[in-house]
Amino acid sequence: MPARRGTGLSRAAMDRARRQGAAPELMYVVDLPGYEVAEQSVGVINDDGFGAVYTSPGGEHVELRVDRGPYVRAGTSERDGGGWYTVNGGDQEYVAVRKDHHIRLICPVGQVDRAVLKQAAQGARPATGTGPPAPLPPAPVERGDLASNGEAPVRRRGPGG
């Protein structure tokens, strides 16, 4: 499904993330100039957090991760406004800290300007679903030719079997 700049996620992507265990209150979208959300990437992270990947036409990506609890810093971190800017290995991230959760935007160092990451993370807003709901996954199919324990079915001999 194609991504849409500046709008919410499709309802199908949000429903899929909920079925995976993502908490609806942790589902966010960001406005990141030159990037669009790849809806197939939307899903749960950790226990009930939310994640998505934003991609550029050139194939670059920025990861969005929203999770409960305090932000645990790794690498070189510095306080920046209401959040943190961190460089760890070859990645940079800006983290917007909220009351009971945090919103992270992560990408390779230098790929996105620090100020742009900060603005996008601080401007994160709750995702709103657009379009029809996702269809429910199909129910499991019972097959009489397979045993329920994974072994080959027992063949009966005689009439009717």
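Buried means under 20% relative accessible area, exposed means over 50%, and partly exposed lies in between, with a 1.4 Å probe and protein chains only. By that rule K118, with a relative accessible area of 22%, is partly exposed. This is a predicted model, in which local features need pLDDT of at least 70 and side-chain atom pairs count only at pLDDT 80 or more, while totals for chains, interfaces and linings use all residues. Residues are numbered from 1 along each chain as its sequence is written, and side-chain values use heavy atoms, leaving out hydrogens and water.

**Sheet and helices**

- Seven strands make an open sheet with antiparallel pairing, in the order β2-β3-β4-β8-β7-β6-β5.
- Strands here are DSSP E runs of at least two residues and helices are H or I runs of at least four, numbered from the N terminus; two strands pair if DSSP finds at least two bridges between them.
- The edges are β2 and β5 (76–80), each of which pairs on one side only.
- On average, neighbouring strands of this sheet are turned by 20 degrees against each other, direction ignored.
- Axes are lines fitted to C-alpha atoms, for helices over the stretch in contact (heavy atoms within 4.5 Å), and angles run from 0 to 180 degrees between N-to-C directions.
- Helix α1 lies across β2 and β3, at about 15 degrees to β2.
- Helix α2 lies across β4, β5, β6 (83–88), β7 and β8, at about 35 degrees to β7.

**Nonpolar core**

- A nonpolar core is a set of buried Ala, Val, Leu, Ile, Met, Phe, Trp, Tyr and Cys residues joined through side-chain atoms within 4.5 Å.
- The largest one has 33 residues, and F50, Y54 and V62 have the most contacts inside it.
- Elements that each supply at least two residues of this core include α1 (11–20), β4 (61–68), β7 (91–97) and α2 (114–122).
- Beyond its neighbours within four places in sequence, Y54 is in contact with residues including V29, Y35, V62 and L64.

**H101 and its surroundings**

- H101 lies in strand β8 (residues 101–108) and counts as buried because its relative accessibility is 8%.
- β8 pairs with β4 in the antiparallel sense over six bridges, and R68 stands opposite H101.
- The side chain of H101 makes polar contacts with the side chains of Y28 (2.9 Å) and D100 (2.7 Å).
- A polar contact is a pair of N or O atoms within 3.5 Å; within protein, one must be able to donate a hydrogen and the other to accept it, and residues adjacent in sequence count only if both atoms are side-chain atoms.

**Salt bridges**

- A salt bridge is a side-chain nitrogen of Lys or Arg within 4 Å of a carboxyl oxygen of Asp or Glu, and the whole structure has nine.
- D31 and R125 form one (3.2 Å, N to O).
- D31 is in the loop between β1 and β2 and R125 is in strand β9 (residues 125–126), so this pair ties together parts that are 94 residues apart in sequence.
- D80, buried with a relative accessible area of 13%, meets R114 in a salt bridge (3.2 Å, N to O).
- K118 also forms a salt bridge with D80, the closest N and O atoms being 2.7 Å apart.
- Shared partners join E78, D80, R114 and K118 into one network.

**A loop residue**

- N46 is not a glycine, yet has a positive phi of about 50 degrees.
- N46 lies in the loop between β2 (36–45) and β3 (49–55) and counts as exposed, at 55% relative accessibility.
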